[in-house]
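Please examine the structure shown below.

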Amino acid sequence: CAASRQAACGAGCIPVPWLCDGEQQCPDGTDEQCGCECCSVPSVCGAKKVQCPGTHHCIPHWELCDRHQDCEDGWDEEGCPQQPCLPGQWQCRNRVCIMAEWKCNGIDDCGDSSDEDVCAPCPPGMVRCDEGKCILESLMCNDEDDCLDGTDEPSTCGELRAAAGHCLVMGQPHNCLPAYSCQVCSARVDIRSGDLYWLAFPHLSCPRTHVPCRDGTECVAQEYMCDGEKDCADGSDEDGCAQLCDTPGQPAPCQSHEYQCGLGACLNASLVCNGRQDCADGSDEGGNCSVPCQRSCAHLCYPSPQGPRCWCDPGYRLAKDGLSCVDIDECTEQGEGACSQTCLNAPGSYSCGCLLGYLLEPDGRVCKLTGPEPMLLVAVQSELLSCGLRSGREEVLLATDKDRVVFSLDYDPVERKVFWMDLATESIRWQDFDLGKKGTLVKGVRSDCIAVDWLGRNLYWTDGAAGQVLATRLGTAWRGIPEYTVVMDGDLDQPHSLVLQPLAGQLYWSEVGSHPRLMEATMDGSRRHVLLDQGLGWPTALALDLPTWRIFWLDEKLGSVGSARLDGTSVKVLQLGWVRSPFAAAVCEGQLYWSERKAWSVQQVDKASGKNRTVLLKRHGQPHGLQVPTWGSSQLCTNGCAKSNGGCAQLCLPNP
């Protein structure tokens with residue numbers, strides 16, 4: 001057996017995490033004799049912990065050789081390897097050696113997360129220490145060693161203080177003046193070399209979906225311009241919005257039944273030339289107001305200071321001939337801003353509708369779920385929590401052993417079971433909400449994401465290291481032999497997040513390898529095609545919003561939230577500074593929810609604008625998987641595998 005990863009089990013081998021996991025794998029039961037040498041873990045400590053000699057003090061195994069004395073006598077730091085790792089291995093921050101290919105596979109193989117911390121760039125405003133940790137850039141040169149190796153306090157820190165308030169322009173020191181001469185200016189020390197340098201950007205570079213603020217220090221989404229909220233620190237995104245109608249080339253914001261005053265205000269056409277000055281500047285009176293209306297207008301004819309003009313009823317637009325009126329298709333022109341779900345255009349108007357299970361709010365635009373309060377299921381360390389999305393009420397639904405981490409999760413609304421990935425035992429487990437029963441679906445798997453096909457009665461998962469998507473039956477009972485199939489293999493470049501659309505028989509996943517992309521296929525793995533392969537960095541969290549037929553993703557590398565229609569069109573990306581280490585995401589009604597591992601919180605924003613961020617949940621421990629269960633009945637739904645398992649003896653994978 002492989003000494004570091006496997007243990008003897010009769011004539012065969014089993015993975016080390018299966019030792020003392022509460023389920024007998026070896027015929028003679030030696031894998032569960034936790035007090036014997038085979039487990040190599042003293043019974044006083046339990047799995048994945050070691051005992052300090054001569055005491056009852058237990059420490060996690062990853063605290064061995066972590067350069068910090070955890071046992072009173074320092075035993076945990078004695079005899080630690082000082083030599084480099086063997087060829088093909090990589091040394092963790094705690095000096096543990098792991099296989100080089102395990103680095104950046106999305107799993108904490110080191111035990112101190114150093115093999116994953118070094119993968120993604122540090123968030124904006126942070127720099128990386130030599131040992132891999134990210135620290136705030138403001139902690140550089142603060143006379144304290146925030147990096148273990150002291151690289152944040154180089155000898156050039158004295159020069160930094162002397163240079164504060166200056167920048168280099170064309171190679172010469174230059175005092176920082178207002179934004180016009182030196183838009184971004186500050187003296188910095190390079191954390192690697194210790195060299196002093198200045199930042200001076202005459203022009204800020206923004207993505208094509210964003211525009212720069214006037215002070216040049218940040219970019220905001222185009223949708224945020226003139227929306228009534230100051231998103232730039234200097235408020236420049238709201239400057240001049242009242243005068244937009246006076247800008248040459250800008251279309252008049254007034255509707256076809258309104259008259260535009262000289263200062264830009266809009267006035268109902270019936271108030272023009274009525275003998276009273278209704279515009280503040282009086283531009284609605286005088287001129288040719290006395291000329292009678294004699295034009296063959298399709299709707300209305302009103303006098304104006306510019307002479308008689310044709311006007312249209314609300315919901316119509318004046319045609320190019322200046323006489324006839326054409327209907328405005330609000331559903332097309334306003335897009336998702338018209339209705340939160342379905343939109344139906346009508347002559348001169350439009351109406352919003354809701355899908356089954358939703359109710360239209362009094363505003364006539366927004367749809368809300370009917371029935372019980374929608375709940376958010378969240379995995380935080382070793383616990384599974386539920387959080388009411390209206391009441392905010394929290395409840396612990398499941399508490400596993402504290403050495404185990406509830407990782408990715410999903411919910412089966414048919415049998416009301418929750419499934420989750422248990423990294424400690426390398427297994428996918430389940431628990432019944434109604435009966436309290438629990439069990440193991442499959443063992444010997446390591447996955448970043450699992451997804452339940454509640455209609456076809458299967459469970460899918462990704463294996464980023466192997467480059468595969470796999471599946472097994474939901475009703476499979478663990479018999480000691482893995483029963484699953486590889487759905488997709490071959491050209492997958494580190495598949496990560498995974499979401500299903502059982503009603504359409506579609507499967508969507510993200511790849512975070514050298515060429516990040518979003519992919520789509522049928523749920524049997526056929527008809528694969530690229531949904532999106534541009535503008536992506538590290539899309540680590542996916543969520544489907546079926547009422548709007550869109551897919552959302554959070555990008556850890558770019559710090560952004562993106563969405564697109566399920567055909568890959570209508571792509572929208574918002575750069576949000578608080579998106580740093582997203583793991584999983586979910587959409588419910590008008591909100592996008594995601595788990596932030598480094599901030600130890602679950603956050604939410606408006607899914608359309610990215611605004612109104614709130615921290616929904618914050619606990620001591622990293623949040624991972626989350627899901628908004630569908631509590632309603634699914635008896636009316638069907639697909640090819642829903643009835644009699646599609647006639648298959650074992651696994652049936654839908655192919656619509």
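**Strand 29 and its neighbours**

Student: In strand 29, which residue is the bridge partner of Leu 409?

Tutor: This is a predicted model, in which local features need pLDDT of at least 70, side-chain atom pairs count only at pLDDT 80 or more, and totals for chains, interfaces and linings use all residues. Residues are numbered from 1 along each chain as its sequence is written, and side-chain values use heavy atoms, with hydrogens and water left out. Strands are DSSP runs (E, at least two residues) numbered from the N terminus, and two strands pair if DSSP finds at least two bridges between them. Strand 28 and strand 29 run antiparallel, joined by 5 bridges, and in strand 29 the partner of Leu 409 is Trp 420.

Student: Which residue in the turn between strand 28 and strand 29 has a positive phi?

Tutor: These two strands form a hairpin with 4 residues between them. The positive phi, about 55°, belongs to Arg 416.

Student: Is Val 414 buried, partly exposed or exposed?

Tutor: Val 414 lies in the loop between strand 28 (406-412) and strand 29 (417-422). Buried means under 20% relative accessible area, exposed over 50%, and partly exposed in between (1.4 Å probe, protein chains only). The relative accessible area of Val 414 is 44%, so this residue is partly exposed.

Student: In strand 30, which residue is the bridge partner of Met 421?

Tutor: Strand 29 and strand 30 (residues 427-432) run antiparallel, with 6 bridges joining them. Within strand 30, the partner of Met 421 is Ile 428.

Student: How many residues of strand 29 are buried?

Tutor: On one side Lys 417, Phe 419 and Met 421 are buried, and on the other Val 418, Trp 420 and Asp 422. The count of buried residues in strand 29 is 6 of 6.
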